[in-house]
Each structure stands twice: as C-alpha cells, then as structure tokens.
Amino acid sequence: MTEVKAELVGSVWKVKTAPGAQVAEEDELLILESMKMEIPVTAPCAGTVKEVRVKEGEVVKEGQVLVVLE
Amino acid sequence: MGDEYSDRVGELHARRKKNLAMGGEEKIAKQHERGKLTVRERIDLLFDKDTFVELGLLAKDRDGSDNAPADGVVTGHGEVDGRQAWVIAYDFTVMAGSMGAVGEQFKAARVRELALRYRKPIVWLLDSAGARIQEAAGSTFAGTGWLFADQVVMSGVIPQVAAMLGPCAAGTAYIPGLADFVPMVKGTSSMALGGARLVKAATGEDVTDHDMGGSQVHCYESGVGDNEVETDADCIATVRRFLSYLPSSNTEAPPFVDTGDAADRPVEGLDKIVPVNPRSAYDVRKVVKAVFDRDSWFEIKRTWAKNIVVGFARAGGHAVGIVANQPLQKGGVLDSDAADKAARFIRMCDAFNVPLVYLMDVPGFMVGSQVEKEGIIRHGAKMLYATSEATVPKVTVIMRKAYGAGYYVMNGKGYQPDVIVAWPFAEISVMGPEGAVNIIFNKQVEASDNPEATRAQLVETIRAQINPYLAAGWAMIDDVIDPAETRRVIIKGIAQARDKRIDRPWRKHGNIPV
C-alpha cells in the first residue's frame, strides 16, 4: 500500500482518478492548486487506486494523504 | 660491494611491493565482493594515465608494525584532463581504512598543505571506518581536528571534492560537510556523525550505517550528498566531470572547451516545451538542454529540493552555473531547502569565477504557517545574500513568472544583473492579481452589490498591468526577447561582462544568515 501525500499546502483543483482505476508510474492522479500554479500529483509507482481521500475544492495540508494506491 | 648495493635497492623494492599490495589478496577480494574497487583502482580511474605520483608509500602505522601498509591511506597528485589535482584516498583493505596518526598527521596533512601551496584541487576518496580508535581513544584527542580548519582555509580558494565510496563515520563526516561537491555511491557509501555502533551506545537507537546515512538519506532528504551514482567508476567519472567546469583555484578562469556548438544558433523547440499558460507545469531542464551547448549539462543535487534546478553547463564553450526554477516540482515555488541549495551553489560559482545564468519562472516564496516555523525568512535570506554578493557575470532571463521576493533572489534588477531580459509571456509583479485584489480592494469588493463580478473586474484591471512591456517601457529590464534568441543573449551577456569589476567597502566578512 502506498500513500500519496501533498507536497505543499494548496487546494484540490481536479481529481483525475477514482477508486479501482489502474495507474502506471508517473500517471497524473490529481492536480493541486497553490501559489498560482497547477501542481500535478503523480503516482509514485504502478498500482490500483484504493482510495481517493479528498474532493475538488478541498484545502489540503503538507503531508496530508490524498490517494492510497495498492 | 655490488651485492650490498643490490641488496639495499632490493629491500626498497620489496617494501614498495608490500605496500602496493594494500591489505593483501583476501581483503582485496572482500572489497571486490562488496562491489567496491580498491583504492589503487580508484586512483587509476581518477587520474590521466601514468600521471599519478605517490607520496608516503612507505608509511607504516605509528608503531612501525607491518599491519598497516601506507598506514591505510594513499596520497599524492596526478592530472585530471591535463591539470594537477591532489588526492587523499582511504584504503578499506587496511584496518578498514581507519585514520591513523601517521596517515592523518603526516600524509593527509601534507597533501592539504601542498594542494593549497600550489593552488590545486583536492579530492578525498572516502572509504573509512573513521578514527583508529585504538590510537585515538583518550585525551590525546586534544591535539586532533585541525584538518577541518585547513578545509575552511581552502574553502573558496581551491575546489574540494569528497567522493563517498564507502563508510565515513563520526567526525570525519565533516570532510564532505565542508566540501564543494559530494557524490555518493548508492548502496555502499554512508556518512553519519555517529556510526551505528556509537549510536547504539549513546542513545539506544538500533539502526544500520546504510539506513542512517546512505545516499537514499543524504541525496534525497538531508541535502548533504550531491549526486547519487551507481558504481565506484561512475563516482570517479562524476568527480572528473565536476572538476572540468572549475578552475584549479580562485585566481584562475574556468577552462574553456570548444564544444563546436555555434554561439549564435537560434534555440529551437521552446514553443513545444514551455506552455504560455503560466499556471501549467513543464520540465525546465528541457529548456536548459535546448539553450546551452549540446551535452554540456551537469546537474548538481538533482534529487533534493527539486523545485529548483542548479548545475553547470557550457555557453559557447565557457562554463556557466545555472539557477533555474522548476515548475514541474511544487510549481517551482521557493522553499527553505530550495533557497539553501541555490545559495550554496551560487556562492561556489562566485568563489570560482563561474558566471551565473538565472532562468526565472517563479511564483514566489512559499507562504503560510508551516514554512514560517521552518524559518523560511532565514533560509530565503541566504539566497538573497548569495545573489547580492556574487560579482561574477550574471545574466537573468525572465521566462514566465517573476513574483515577489522570488524575483529578487533570482537576480532581479536590484541585484546588479549584467543583462536582464524577459520573454513576451513574462509576468513581473509583487504578487498575482487575485492576491493583490484581496489586499488592495477588499473593502470595495465587500461593499459591492455583486462582489464576485467586482472582484473579477478588478482582477482583470490589475492583470493588464502585469506585462513585460511595462518593465521594458521603463527600461527596468534591458529587453524583451524572442525565446529563440535566448542562447545568443546569454553568451553575449557573459562576454560583455568579462572585465567586470565591482568594488565594495572593506570588511572582514559579511554576516550571511546561515
């Protein structure tokens, strides 16, 4: 199980995956918005999306778990 | 008579042969089993063929025993691409490369003295269990430690490289701590102020040397290591490459290399690399590779503080140091580690006469409670300090965003750039339009019958004020350029500043906010 965490404070701009989706390493899972930038969050490894713990518009903290991969 | 002559000479050759054999076949086989090269194989790779001159081959340990050929450290000089460099190379096959009195007080000290005397680079090949405790335990420790003071005297005078090829435990970890460049071999190298056994005794923590201080820690989390490499041979090749961009000392210019890449060639493909939408990310390393001489890019600290990219390249054959924001990582925002990484690189370039090129696309410094707790003001100030202090030729290219103090530390107009230009998409401003409206027009928005419409209208009004022609109209920047002209502008800018001279008030030294 791999937890994908936010690298910095921001809001969730777009969620681009859903539970059950198969992802390859480097696939975009969601896009954060922070400091005037769209910041893509990518899969650190290949796997299946087990959980998406945030929704669009939600403010996330640095280190907060966004997605759980299996 | 003749017999005595040949006996005496024969004894010399026998002594040499013994010490050249290092710790013996069994220990050498073990070294190879660990995936490591021997100290002499490493030295062969470090220096140009047949240029190594060894000093102190016949050294023994302080008791004069036969157990420590060369006292476990090989020292001398040779040539790297035809230029002299000095080496202190620990031999793990001899008492685990431990640092003995003869090796340290006489051999290594002599190399430091001579390298500085001749103003030539010094390279440590580190693979050592640390101080030889059986010699060092006890209060004669009082007389040790001046090697670090020597390193500080050398700092900014001659390049110092600490190549991590094995363990480097305890106080000796300050050798890489003070060096200009620290490559680490993945899996076999480690460094820590206290080795695993000491840690266990001091705190009770159970940890291995590798888990505590391997490249996966220092090249990714702590930032103490610079470049993670796969093998000993890769490590030595990286050391040679690093030195190729630097002069032998701070009194010389870096060596010129004819790369055969035309100085005035237009840069192709930037339209495919850089999105005009300033919110979109891209890999700034692709810009670097497109702009500078082909195959000349040498990135440093690639895996740490990835939101800023630093490294050497060549511009028309001349070495340059590049500082570039990386929109691909954290949107290119500057944080504590990024400022720290950039500041140290900028100071190295300035010390060794390497011109600086800033490729700017920065949304600003990270803001918020988390970064204030880290002391981002203190860390950001290091970068501000380093950029201000640097008197080498400095060229600034504003590619897209140039916001707030991010614009300052990336060598904005106030920091004496020799040339500062912007691409047509550049956004130079203290902050983005949304933030500005929230601060300046907050009351107006709240009082409006339709706050969202009022806000949107005000945002557009401010957005119109953010364009490079306003800065160029005031001649605050030197020009707005076609991105395809970037290479030519950088090369001409550095050439323009070659005879640069900046005189500042006398002081003992400044007080950098470390």
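Author: The following account takes the interface from the side of chain A and then turns to a sheet in that chain. The model is a predicted one, and the description should be read accordingly.

The contact draws on 13 residues of chain A and 21 residues of chain B. Between the two chains about 1,400 Å² is buried, with carbon and sulfur atoms giving 61% of that area. Within chain A, the greatest loss of area to chain B falls on M35(A), K36(A) and M37(A), which together make up 48% of what that side buries.

Charged groups also take part. Two salt bridges are found across the interface of chain A and chain B. In a salt bridge between R279(B) and E33(A), the side chains meet at 2.8 Å, N to O. On the side of chain A that touches chain B, the elements giving two or more residues are β4 (28-34) and β5 (37-42). Of these, β5(A) gives the most, with four residues. By class, this side of chain A comprises seven nonpolar, one polar and five charged residues.

Chain A also has an open sheet of four strands, in the order β1-β8-β6-β3 with antiparallel pairing. Its edge strands are β1 (2-5) and β3 (22-23), each of which pairs on one side only. β1(A) runs antiparallel to β8 (residues 65-69) of chain A, the two being joined over four bridges. In β8(A), V68(A) is the bridge partner of E3(A).

Methods:
Residues are numbered from 1 along each chain as its sequence is written. Chains are lettered from A and ligands numbered from 1 in the order in which they are written. This is a predicted model: local features need pLDDT of at least 70, side-chain atom pairs count only at pLDDT 80 or more; totals for chains, interfaces and linings use all residues. Side-chain values use heavy atoms; hydrogens and water are left out. Two strands pair if DSSP finds at least two bridges between them. Contact means heavy atoms within 4.5 Å. Buried area is the accessible area (1.4 Å probe) that two parts lose on being put together, summed over both. A salt bridge is a side-chain nitrogen of Lys or Arg within 4 Å of a carboxyl oxygen of Asp or Glu. Ala, Val, Leu, Ile, Met, Phe, Trp, Tyr, Cys and Pro count as nonpolar, Asp, Glu, Lys and Arg as charged, and the others, Gly among them, as polar.
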